[in-house]
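Student: Please show me the structure, and let us then work through its assembly and its fold.

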2 protein chains.
Amino acid sequence: MYSIKVLKRLSCAIFLGYSKKSIHEICMTVTIKDIAKEVGKSIATVSRALNDYNDISEETKALVRKTAKELGYSPNAAAQRLQRRVAGTIGFILPTFGPRFSDPFFSEFIAGVGNQLSELGIDLLVSTRTPGDQEIDAYREYVQAKRVDGFIVVRTRLNDKRIHYLLDEKFPFVAFGRMDNENEFPFVDEDGEMGMRLIVEHLITLGHKRIGIISSPSEFTFTKYRMKGIHAAFNKAGIIPDHSLIVSGDLTQRGGYQKANDLLNNREKPSAIIAGNDLMAFGAMSAAQERGLMVGKDISITGFDDIPMAEHSHPSLTTINQPIYSIGRQLCEMLVHRITSEIIDHPQVILSPTLIVRGSSGPRF
Amino acid sequence: MYSIKVLKRLSCAIFLGYSKKSIHEICMTVTIKDIAKEVGKSIATVSRALNDYNDISEETKALVRKTAKELGYSPNAAAQRLQRRVAGTIGFILPTFGPRFSDPFFSEFIAGVGNQLSELGIDLLVSTRTPGDQEIDAYREYVQAKRVDGFIVVRTRLNDKRIHYLLDEKFPFVAFGRMDNENEFPFVDEDGEMGMRLIVEHLITLGHKRIGIISSPSEFTFTKYRMKGIHAAFNKAGIIPDHSLIVSGDLTQRGGYQKANDLLNNREKPSAIIAGNDLMAFGAMSAAQERGLMVGKDISITGFDDIPMAEHSHPSLTTINQPIYSIGRQLCEMLVHRITSEIIDHPQVILSPTLIVRGSSGPRF
DNA sequence: TTGAAAGCGCTAACAC
DNA sequence: GTGTTAGCGCTTTCAA
């Protein structure tokens with residue numbers, strides 16, 4: 001934290017030369033002591049009243065709460081945390097690739113997490129790490145220093161070191177996404193299999209048969225489920241997947257552009273392209289448009305995520321919606337439950353996604 | 001924070017039925033007491049040694065630091081904060097418009113802020129509010145409850161209530177952006193005037209004379225400076241601004257699309273469009289492309305921000321670069337200085353932006 | 001139902 | 001240089 005040597009606590013007061021005694025009055029920090037004095041009870045009673053203990057009479061509780069409000073009391077988080085032996089903080093380590101990090105997905109997610117936590121009076125410790133050893137070290141440091149009470153892990157991987165580590169340490173966490181097999185932890189995930197099935201069925205209904213796929217990196221668990229959905233739907237429709245039409249992208253717009261070009265250079269061009277996320281779909285749209293193809297007419301392109309931009313691109317993007325903001329909130333709730341409850345269960349939520357049909361997909365021409 | 005009634009501190013230990021005494025050993029929390037015992041000195045000495053007080057002998061310091069490391073000691077943040085009377089937390093209230101919030105700008109900024117703060121052992125309290133009363137209430141709550149030691153304010157407005165409030169309260173904060181007149185606070189801002197001058201000069205060099213402008217909302221301070229730069233450059237080149245070619249957008253892609261259409265419906269079409277940010281520039285590109293115009297050839301379009309996507313759009317976007325990540329880091333440094341220093345100065349940094357010429361701008365056809 | 005008292009881990013007067 | 005001691009604001013036994 002702030003270095004002690006330069007730290008002038010309550011600098012205003014000290015700066016002005018007030019003695020330590022009077023700082024309290026100047027800054028008017030209301031503590032339970034003040035409430036106790038006001039209601040003529042002990043601080044212990046006030047504390048228990050505020051925490052709604054049932055060995056306190058209703059009248060006392062009411063009185064305490066009333067005066068607390070009048071005095072503008074709000075608990076000192078540090079004192080509570082010290083006594084309760086909790087950090088009052090949740091860790092969120094964003095996996096980033098490269099220094100220029102900018103995923104619209106995360107700004108919405110952080111908004112959800114942040115709002116939920118701030119309502120609960122819990123802090124968020126955000127930092128970013130590139131997947132690898134550094135990333136695990138960051139988790140380890142926070143755990144060992146007891147800086148956080150739990151973690152939110154996002155974009156789970158098939159063999160996720162972060163999760164293995166946290167499970168080993170029995171450290172509370174929730175994940176946005178599953179792991180491959182062992183899933184003995186609380187998570188929220190969308191049903192990527194279903195999502196992709198919806199997409200493929202939509203395209204097949206439109207008459208498409210030759211469908212190119214720009215999948216997400218295979219390390220992510222969701223990739224596996226989404227590919228499963230694609231293959232299931234292909235199978236059902238009697239389409240035999242052409243492996244020259246399946247490529248893997250890096251989730252960025254640039255990656256989508258490059259991979260779409262690869263697909264469009266195929267001897268027998270696909271009439272539709274399924275991208276693993278919206279960003280890559282945008283890249284694919286650019287690639288198609290550069291070749292003079294009219295997206296939604298000459299070629300259909302679909303995304304996954306339904307980031308806000310998907311609605312406003314041209315043409316607007318057919319995609320799969322995930323309620324990212326509320327997933328963020330829900331994960332926080334689950335995490336707090338995990339931290340505070342002695343019963344360790346593993347709530348696992350799989351959300352059914354919605355297909356959003358927009359302008360980028362149309363009948364095969 | 002966590003409700004007391006359900007909270008099982010160190011649930012593992014309590015759950016397993018260990019007595020309070022032994023929790024300490026089980027969870028192996030190393031405190032300065034342990035170090036004191038180990039080195040055979042008092043806890044006060046250990047504390048001062050760790051904080052590098054100069055009334056402690058170098059040998060003692062070295063010994064203390066060594067054993068602290070060996071024992072895997074890390075300070076209890078709550079105890080430090082309680083004693084030092086600080087929150088150890090910085091507030092960051094994102095201004096959002098509408099529930100679906102997703103600005104690539106902010107994910108990069110948060111990454112910068114988060115990394116810097118986590119290095120310093122400071123937490124971040126993130127939440128989002130729509131500008132208005134609710135927003136100010138959030139600031140007020142955090143200030144009164146002493147939940148944070150300072151704020152980072154972003155996207156300053158001409159008449160910024162947040163800043164007025166914080167100045168009134170003499171509460172530490174730093175801003176990304178200036179205010180109109182009174183700027184008695186630390187901030188970092190880019191030189192928007194210069195940025196736009198660079199853009200206009202670039203377009204004029206390319207032969208453009210009829211230039212459309214999709215400006216940012218006038219409430220933001222940066223809009224004022226950017227417009228100033230545009231007018232200055234127009235003036236210098238002897239161009240008389242045509243007010244039918246100046247419209248105001250809302251910083252979203254959709255807004256850029258709509259406003260670009262307005263401009264392109266003008267009797268005398270502009271040969272270039274300056275957008276107030278990259279997102280709107282993308283929207284404008286879509287609008288132009290829909291009309292069969294080739295961006296960078298038939299029409300030039302420029303952005304502002306240089307978000308990562310700008311490099312990978314098609315055509316890639318000519319824009320103005322702002323080092324958002326490092327601005328985030330720098331602002332944190334300034335804020336910590338403001339919080340810990342008794343001298344209240346107002347470091348004000350104006351960054352010179354760089355013009356990034358890419359494919360979306362070309363000679364007038 | 002309530003109060004007295006101990007203590008969470010740390011810092012900082014003040015004494016030696 | 002170092003130790004003693006008294007808290008920071010809160011929770012929680014234990015006794016009344």
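Tutor: Two residues are in contact if their C-beta atoms, placed from the backbone, lie within 7 Å. This is a predicted model, in which local features need pLDDT of at least 70, side-chain atom pairs count only at pLDDT 80 or more, and totals for chains, interfaces and linings use all residues. Residues are numbered from 1 along each chain as its sequence is written, while chains are lettered from A and ligands numbered from 1 in the order in which they are written.

Student: How many residues does the contact take from chain B and from chain A?

Tutor: Of the interface residues of chain B, 100% are also interface residues in chain A, so the copies meet through the same surface. The contact takes from chain B 78 residues and from chain A 78 residues.

Student: Which helix of chain B gives the most to the side that touches chain A?

Tutor: Helices (H or I, at least four residues) and strands (E, at least two) are DSSP runs, numbered from the N terminus. With 10 residues, the leading contributor on the side of chain B that touches chain A is helix α7 (residues 104-120).

Student: What rotation superposes chain B on chain A?

Tutor: Copies are superposed by least squares on the C-alpha atoms of residues with pLDDT of at least 70 in both. The shift along the axis is 0.1 Å and the RMSD 0.1 Å, with a rotation of 180 degrees. That is the relation of a two-fold axis.

Student: How many helices and strands does the secondary structure of chain A come to?

Tutor: The C-alpha trace of chain A spans about 85 × 45 × 40 Å along its principal axes. Its secondary structure comes to 15 helices and 12 strands.
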